[in-house]
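Visitor: I am new to this structure, and I would like to learn how to read a few of its features with some care.

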Amino acid sequence: MTTSGSADLVIVANRLPVDRVRDAEGNPAWRRSPGGLVSALEPVLRRNDGAWIGWPGGDEAGLEPFTEDGLRLVPVALSAQEIEEFYEGFSNGTLWPLYHDLVAKPEFHREWWDAYVAVNQRFAMAAAETAAKNATVWVQDYQLQLVPQMLRELRPDLKIGFYLHIPFPPTELFQQLPWRRQILEGLLGADLIGFQLAGGAANFVRLVRQRVGHRTHRDTIELPDGRLVRARNYPISIDAAAYEELARSEGVAKRAVEIRAQLGDPETVFLGVDRLDYTKGIRARLRAYGELIEEGVIDVGKSVFVQVATPSRERVEQYRLLRDEIDRLVGRLNGDLARIGRPAVSYLHSSYPKEEMAALYRAADVMVVTPYRDGMNLVAKEYVACRFDDDGALVLSEFAGAAHELRQAWQVNPYDLNGMKATLVEASRADPKERTRRMRALRKQVLENDVAHWADSFLTDLAGDVKPKR
Ligand code: G6P
């Protein structure tokens, strides 16, 4: 047993909800990084004398726990080598592509695995030292799948939850992983394991039965010592009311008008917003759009495609290659198809504050979200939350987790270029009544199932009131 701390609720996530920045005098300081997860959990953390454990980004060592804006934050340091092997390597070079349907080829390296084990152990230790007796610890995402079991060994008194934000892969793909059994056992340290979709939870239960040999019954796994573990789906969401409020603000309204003017007042604005990641299908959607211009179906004088691509994981090889590819494609599309003052694609490799995103959502007639595979995709939900005018069309990949809830979107298969072209045209030319009918249904779904509802459902089930599912 480790000596316990005083927090009744502990969130363990790869990243802290703050970024390390320099203030005006050049001294290091912390800045809140806006995220749905922290805004959803903040009220529960405050109520429960909570703490958040995570990596502050970078390789600065010796950072002590601190309180920021009333939130207790516990930094876990990573060395430069660990950033390479644990974060860029095993998390984002092995697990990320493996869990996203092999959209890129995962690499298997034993040193990466060793770093993953060592770093997970460090997070588990930090959680064990922070949590009060009988506290609840909620571990987040694929970077920390061994933490539940490691933590249970250190602190058997705790209630442990785990939530996977990305897809859990089909059993055939998961079996490729040389350390598949360790990962399954790592997760089984939790009392409740949450997934985005019912399919992911079912894949997990099947693997546990086949690979580890435990008895299972529907969403419940029985361990040899009699402990029960549940695997269920809890689709994540956003703070929908806050997005709507922002979108309604005067500043955002003005900015949306200004954006359209700056784009040359086109008839139709198409919009893509993604982390620059190969799972997002950015290339395919831009190619589809380019072909529509080439074929004369879309007039470059009347439409523009705005693509925001937020820089991400820039030192990982696959991400560097992707950036070059998109740079080349956008260059070629604009070189071949643009006219003076009328680009085919307005490409922004940058990240923007929430206000600017809300203005872009309001300015966009067609939101294009076409990942090859995505755990949920919150951009689709943000767009819907911002369209309080009941207008705007959402084109959504059927391989995004969000497609299960957002049934009224124009759904596409991102591998089917012709299908995607037809849908882009259909959505952009849809009758206003049809757009409104669909947007109303989407808004009802998103506003009724926000991120607070997500967090409450998970934490209520974890607390022990799990009712059997019909
Ligand atoms: C996805 C993952 C998160 C991750 C985020 C940003 O949403 O599910 O765990 O934090 O991407 O990626 P990064 O590598 O910058 O943390």
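The dialogue below takes up ring pairs, charges over rings, a residue in a strand and the ligand.

Guide: This is a predicted model, in which local features need pLDDT of at least 70 and side-chain atom pairs count only at pLDDT 80 or more, while totals for chains, interfaces and linings use all residues. Residues are numbered from 1 along each chain as its sequence is written, and side-chain values use heavy atoms, with hydrogens and water left out.

Visitor: How many aromatic pairs are there?

Guide: Rings of Phe, Tyr and Trp (its six-membered ring) pair if their centres lie within 6.5 Å, and planes under 30 degrees apart count as stacked, over 60 as edge-to-face and the rest as tilted. By this rule the count is 27 aromatic pairs. In one of them, the rings of Tyr99 and Phe168 have centres 5.7 Å apart and planes at 70 degrees, so this pair is edge-to-face. Because Tyr99 lies in helix α2 (residues 80–99) and Phe168 in the loop between β8 (159–163) and α5 (171–174), the pair ties together parts that are 69 residues apart in sequence; helices (H or I, at least four residues) and strands (E, at least two) are DSSP runs, numbered from the N terminus.

Visitor: Are Tyr99 and Phe168 buried or exposed?

Guide: Buried means under 20% relative accessible area, exposed over 50%, and partly exposed in between (1.4 Å probe, protein chains only). Both Tyr99 and Phe168 are buried. The rings of Phe195 and Phe204, with centres 5.6 Å apart and planes at 40 degrees, form a tilted pair; Phe195 is buried at 3% relative accessibility, and Phe204 is buried at 0%.

Visitor: Which charged end sits over the ring of tryptophan 96?

Guide: A charge sits over a ring if NZ of Lys or CZ of Arg is within 6 Å of the ring centre and within 35 degrees of the ring normal. The charged end of Arg313 sits over the ring of Trp96, 4.2 Å from its centre, and that of Arg438 sits over the ring of Trp410, 3.8 Å from its centre.

Visitor: Where is the place of serine 346?

Guide: Ser346 belongs to strand β15 (residues 345–348), and at 18% relative accessibility Ser346 counts as buried.

Visitor: Which side chains have an N or O atom 2.5 Å or 2.8 Å from an oxygen atom of the ligand?

Guide: A side-chain N or O atom of Asp141 is 2.5 Å from a ligand oxygen, and one of Arg313 is 2.8 Å from a ligand oxygen.

Methods:
A polar contact is a pair of N or O atoms within 3.5 Å; within protein, one must be able to donate a hydrogen and the other to accept it, and residues adjacent in sequence count only if both atoms are side-chain atoms.
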